[in-house]
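I set out to record the strand pairing, the helix packing and the nonpolar core of this chain. My entries follow in the order in which I looked things up.

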Amino acid sequence: MKNPKAVDLPNFGVLECDLEQSEIDYLWEKVKKYTPEATWEGNTCVDAGKMEDKQFAINDDENIFTEKVLIPMTENYFSAYGTPFKHKSSHFHQMTFSRFWGRLSKDGDYQSIHDHQGVFTFVVWLRIPFEGKVERKIQPGFRPEAGDFVLVYPDTCGALQKRTWVLGPGAEGKMLFFPSDLNHIVYPHYSTEEYRISLAGDICLNSIMPSGLINPSADFASMAMHQGIYKTGQSVS
Ligand SMILES: [Fe+2]
């Protein structure tokens with residue numbers, strides 16, 4: 001035997017980043033703008049208002065978040081991992097920001113395992129009013145992963161693995177960027193009645209502006225007929 005070596009097999013990872021203070025300030029401005037029913041003391045939400053206002057839509061009004069964060073993160077992801085899905089369309093597509101929202105989570109609130117509609121999903125932690133390392137010790141064994149953000153994914157053997165982010169105030173201003181197909185969980189916190197404030201959003205393919213053919217050698221006319229879009233004999237330009 002000569003030179004045994006480990007060969008890593010590819011899988012899709014995630015990107016983490018710290019947002020600039022100016023970007024964090026911009027997001028806080030939007031959170032307060034789009035929670036008109038909420039009562040704030042500085043960056044602490046003391047009352048969300050109506051129950052249905054605990055999740056609220058946000059608009060990136062000045063496109064600052066898109067231009068300074070989302071576009072560079074998307075480019076970084078493609079550079080690091082490529083496209084996290086198989087192409088099932090005839091043409092390349094631009095990416096577009098499809099949804100952006102915030103959540104005001106009280107103690108006991110959680111999100112069970114789920115994925116998103118889109119290509120990329122992100123989460124920004126703006127206010128984490130608890131320390132995850134403390135949360136799990138309050139009733140040891142009965143609150144595992146309390147307050148954590150967890151990704152669940154198959155490894156190269158098909159077994160499920162999980163990656164946990166134990167959150168606390170140190171996570172404020174951090175962003176996680178990952179494929180929308182990646183399953184994730186948000187576990188509840190219990191040690192404070194203060195709201196945990198996180199933002200999330202999805203980036204998808206822009207279907208109104210496709211660009212060049214992915215496979216230029218394909219016979220587009222016959223491909224279109226196979227898809228049932230055009231009747232036989234109809235010319236396809
Ligand atoms: Fe989610």
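I note first that this is a predicted model, in which local features need pLDDT of at least 70, side-chain atom pairs count only at pLDDT 80 or more, and totals for chains, interfaces and linings use all residues. Residues are numbered from 1 along each chain as its sequence is written.

**Entry 1: the β8–β9 pair.** I looked up strand β8 (residues 149–154) and found that it pairs with β9 in the antiparallel sense over 6 bridges. Strands here are DSSP runs of E with at least two residues, helices are runs of H or I with at least four residues, and both are numbered from the N terminus. Pairing requires that DSSP finds at least two bridges between two strands. P154 stands opposite L160 in β9.

**Entry 2: the loop.** D155 has its place in the loop between β8 and β9. I record D155 as exposed because 10 other C-beta atoms lie within 10 Å; the limits are 12 or fewer for exposed, 20 or more for buried, and partly exposed in between, with C-beta atoms placed from the backbone. The C-alpha atoms of D155 and L9 are separated by 9.8 Å, although these residues are 146 apart along the chain.

**Entry 3: the sheet of 4 strands.** This open sheet has the order β6-β11-β8-β9, with antiparallel pairing. β6 (111–114) and β9 (160–165) each have a single partner strand, so one side of each is left without a neighbour in the sheet.

**Entry 4: the sheet of 6 strands.** I traced a second open sheet, antiparallel, in the order β1-β10-β7-β12-β5-β4. Its edge strands, β1 (15–18) and β4 (55–57), each pair on one side only. β1 pairs with strand β10 (residues 174–179) over 4 bridges in the antiparallel sense, and E16 has L176 in β10 as its bridge partner.

**Entry 5: helix α2.** Helix α2 (residues 64–81) packs on the sheet and touches β1, β5, β7, β10 and β12. Its direction makes about 150 degrees with that of β1; axes are lines fitted to C-alpha atoms, for helices over the stretch in contact, and angles run from 0 to 180 degrees between N-to-C directions.

**Entry 6: the core.** Which residues touch the most other members of the largest nonpolar core? I found F120, F122, V124 and F177, out of 33 residues. Such a core is a set of buried Ala, Val, Leu, Ile, Met, Phe, Trp, Tyr and Cys residues joined through C-beta atoms within 7 Å.

Technical notes
Contact = placed C-beta atoms within 7 Å.
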